[in-house]
Amino acid sequence: MNKVQLNYHLVLFRIIWLLHHFQITSGGSYRIINGTNAAITQFPYLVSIQRNAGGQKKHICGGAFISNKWILTAAHCLQDETAKGLVIRAESSFHDRGGVLLRVAEIIQHAKFNPNYSKDYDYGLIRLRNSFERAVSAHLKKGPKRFPPGRLCQVMGWGKTSYSDDSRRVLSISVPIVKQSICRSAYMMVDTITPQMLCAGYSTGEKDACEGDSGGPFICRGVLTGITSWAEGCAEKGFYGVYSYITPVRTWIRNKTGV
């Protein structure tokens with residue numbers, strides 16, 4: 001096989017993978033696998049982003065308060081959505097009951113996010129119609145230094161606990177940060193791991209986040225370090241969870257929200 005043929009086959013493989021796996025449109029693509037029951041009091045900044053259609057509310061993604069008026073989530077959670085068609089459930093351990101429902105005034109996707117091309121810059125913001133004074137805001141990571149590989153961080157959300165079973169109660173898992181070079185090698189034939197991403201999980205699978213957990217917070221040492229973004233499958237052996245890293249867009253967040 002010559003170089004031209006090899007490049008052709010690599011491009012063809014990439015296209016086929018994108019058609020079958022790159023589903024980062026509205027609704028998310030992440031779920032907690034092998035997590036444990038948690039309570040919203042453990043993660044009071046966590047919210048459920050819900051599609052409100054005909055009075056029926058459906059959980060689609062997670063998010064995190066970063067102020068009493070702004071929520072940070074993944075850009076793909078807002079794809080094809082409108083502010084009028086979304087509602088936020090806060091202060092509840094369950095996505096389908098309890099807590100308080102908050103109306104949305106504005107949704108923002110990072111200008112460099114292009115789901116037709118890649119998963120990079122998967123950052124989104126939601127502005128509430130009214131300030132929610134009881135909001136408990138997550139502390140955003142400061143400084144350019146990354147947490148070291150092996151550092152255990154927490155992921156939480158209401159996504160499925162397997163490929164078929166939905167979790168109405170919030171779940172959480174702890175997963176170790178993975179060295180960027182190792183993650184790049186794992187995803188070499190799938191997509192590019194960029195500086196705007198960080199990886200966490202186990203090479204053996206075991207624990208992961210998946211559908212319904214997208215947009216939720218990735219917490220390291222008590223600070224919001226990343227946003228649940230994408231992966232190859234859920235807890236798939238040889239692959240890791242990929243999170244949108246906060247630090248590269250800290251200025252963007254500040255410029256849009258004042259936070």
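Me: What makes Lys 141 count as a charge over the ring of Phe 147?
Reply: In this predicted model, Lys 141 lies over the face of Phe 147, at 5.7 Å from the ring centre. The limit for NZ of Lys is within 6 Å of the ring centre, with a further condition of 35 degrees from the ring normal.

Me: Which charged end sits over the ring of Phe 94?
Reply: That of Arg 97, 3.9 Å from the ring centre. For Arg the atom is CZ, and the cut-off is again within 6 Å.

Me: Why is the pair of Tyr 123 and Trp 252 called tilted?
Reply: The structure holds 6 aromatic pairs. In the pair of Tyr 123 and Trp 252 the ring centres are 6.4 Å apart and the planes stand at 50°, so the pair is tilted. Rings pair within 6.5 Å, and stacked needs planes under 30 degrees apart while edge-to-face needs over 60.

Me: What are the distance and angle for Tyr 187 and Phe 239?
Reply: This aromatic pair has 5.1 Å centre to centre and 50° between the planes, and is tilted. The two residues are 52 apart in the chain, Tyr 187 in the loop between helix H2 and strand E11, Phe 239 in the loop between strands E14 and E15.

Me: Why is Tyr 187 called buried?
Reply: Because its relative accessible area is 0%, and buried means under 20%.

Me: Why is Phe 239 called partly exposed?
Reply: Its relative accessible area is 23%. Buried would need under 20% and exposed over 50%, so a value in between is partly exposed.

Me: Is Ser 118 buried or exposed, and how do you know?
Reply: Ser 118 is buried, because its relative accessible area is 15%, against a limit of under 20%. Ser 118 lies in the loop between strand E7 (100-109) and strand E8 (124-128). Its side chain reaches the backbone nitrogen of Asp 120 at 3.1 Å, where the cut-off for a polar contact is within 3.5 Å.

Me: What makes strand E6 mostly covered?
Reply: In E6 (residues 86-90), 5 of its 5 residues are buried. Leu 86, Ile 88 and Ala 90 are on one side, Val 87 and Arg 89 on the other.

Me: How do you know that E6 pairs with E7?
Reply: They are joined over 4 bridges in the antiparallel sense, and a pair of strands needs at least two. Ile 88 stands opposite Leu 102 in E7.

Key. Residues numbered from 1 in each chain as written. Predicted model: local features only at pLDDT ≥ 70, side-chain atom pairs only at ≥ 80, totals over all residues. Heavy atoms only, no water. Buried < 20%, exposed > 50% of the residue type's maximum accessible area, 1.4 Å probe, protein only. Polar contact = N/O pair within 3.5 Å; in protein donor to acceptor, adjacent residues only side chain to side chain.
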